[in-house]
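Thanks for making time this morning. I would like to walk you through one chain, so please keep the sequence and the structure open while I talk.

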Amino acid sequence: MASLGVERSPIKPAAPVTDLVAGFNNAGFDLWHTQPVTDNAVFSPASIGHALLMARAAADDTTGAAIDAAFTLPVGTTAHQAWNAIDQQLRHTGSDDVTITIADRIWPRIGLRADQAWIDLLAAEHGADVEALDLAGDPEGSRNVINDWVGEQTQQLIPELLSPGSIHPNTLLVLTDAVYFEARWQTPFGKYDAQDDTFTTLDGTELPVELMRELELADRRGVGDGFAAAEIPYAGKEYSMLVIVPDHGRYEEIRDRLDQTFLDEIDTTFTTGPYELLLPRWDDAYQLDLLTWLTNI
């Protein structure tokens, strides 16, 4: 069943990369708006879209139609060609200061004969490989194998992708998509001392935080109707983090406006020049029920 001898496809210049990216982004905005307003939501539209794009190639008509509607996928195999172009570009960032790992694997139940054309497509356009597991006889052991692999691929930042009980004896196949991004800032924090302060949550709770502080940033930042925003570049400036801070009392309004049109509006406010940035450290974990979202589209 493994795709022995199947090489990665070359990048096709006409692949609809822009269309696929727009579909992933718009789906991410839609999914964001379905999450509880009081939750800290952390997810990757690209990772979710990619996993479902791989599943789409083996889906039945009903499931396939839901995935197509959610991500407005380009027609047929051109969507896979577009991902292949994106993936191979990400793997060659051109900077020793940026590490991006996208690792995909298909985990079928031992004895299951998945469609060979699907396996070959995922190998050629997605770089996915196959490892059969005893999902029926040892679901918990299989879960641990998958989690160990994901942890290895993500430098242990995702040590438990699958929670206890997520694999059942009747599970036929698991498809995983692991994304790891590590980069240093173009202007590293540390020259100026961190600042102790408080962070006020939506319910008014005040939490003590330590704010990283930088006084010499001169990159893109702006102020608009109800928000302030800054684009913080990583080393090499190929990638950046966009930070949007709603004005007091306008969080839900700004949250509800988040889509590509709003990002374009933010972009028009940007100028360059020195400014002070205070940014808290944070870590978070979040799980999503994608089935409910897809069913309601």
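Arg 250 is partly exposed at 23% relative accessibility, where buried means under 20% relative accessible area, exposed means over 50%, and partly exposed lies in between, with a 1.4 Å probe and protein chains only. This is a predicted model, in which local features need pLDDT of at least 70 and side-chain atom pairs count only at pLDDT 80 or more, while totals for chains, interfaces and linings use all residues. Residues are numbered from 1 along each chain as its sequence is written, and side-chain values use heavy atoms, with hydrogens and water left out.

Coming back to Arg 250, its side chain meets that of Asp 225 in a salt bridge, at 3.0 Å from N to O; by salt bridge I mean a side-chain nitrogen of Lys or Arg within 4 Å of a carboxyl oxygen of Asp or Glu. Arg 250 sits in the loop between strand 8 and helix 7 (251–257), and Asp 225 in the loop between strand 6 (221–224) and strand 7, so that the pair links parts of the chain 25 residues apart. Helices here are DSSP runs of H or I with at least four residues, strands are runs of E with at least two, and both are numbered from the N terminus. Asp 225, for its part, is partly exposed at 48% relative accessibility. Elsewhere, salt bridges with shared partners join Arg 8, Asp 87 and Arg 91 into one network.

How many salt bridges does this rule give? The count comes to 17. One of them is between Arg 184 and Asp 97, whose closest N and O atoms are 3.2 Å apart. Because Arg 184 lies in the loop between strand 3 and strand 4 (195–200), and Asp 97 in the loop between helix 4 (78–91) and strand 1, the pair ties together parts that are 87 residues apart in sequence. Arg 184 is partly exposed, with a relative accessible area of 41%, and Asp 97 is partly exposed as well, at 32%.

Another salt bridge joins the side chains of Arg 213 and Glu 276, at 3.1 Å from N to O, and this pair links strand 5 (residues 206–217), which holds Arg 213, with strand 9 (residues 275–280), which holds Glu 276, 63 residues apart. Arg 213 counts as partly exposed at 24% relative accessibility, and Glu 276 is partly exposed with a relative accessible area of 44%.

Let me turn to the strands. Strand 7 (residues 227–233) and strand 8 (residues 240–246) pair in the antiparallel sense over seven bridges, two strands being paired if DSSP finds at least two bridges between them. Ile 232 stands opposite Met 241 in strand 8, and the two strands form a hairpin with six residues between them, where Gly 236 in the turn has a positive phi of about 90°. Strand 4 and strand 5 also run antiparallel, joined by six bridges, with Thr 200 opposite Glu 206 in strand 5. Their hairpin has five residues between the strands, and Gly 204 takes a positive phi near 90° there.

Next, there is an open sheet of three strands in the order 2-1-3, with mixed pairing. Strand 2 (129–130) and strand 3 (173–183) stand at the edges with a single partner strand each, so one side of each is left without a neighbour in the sheet. Strand 1 (residues 98–108) pairs with strand 3 in the antiparallel sense over 11 bridges, and Ala 103 has Ala 178 in strand 3 as its bridge partner.

What lies across these strands? Helix 5 (residues 116–126) does, running at about 175° to strand 1; axes are lines fitted to C-alpha atoms, for helices over the stretch in contact, and angles run from 0 to 180 degrees between N-to-C directions.

Finally, is Ser 9 buried or exposed? Ser 9, found in the segment before helix 1 (17–33), is buried, with a relative accessible area of 13%. Leaving aside neighbours within four places in sequence, Ser 9 is in contact, meaning heavy atoms within 4.5 Å, with Asn 84, Gln 88, Ala 124 and Glu 125. The C-alpha atoms of Ser 9 and Ala 123 are separated by 8.8 Å, although the two are 114 residues apart along the chain.
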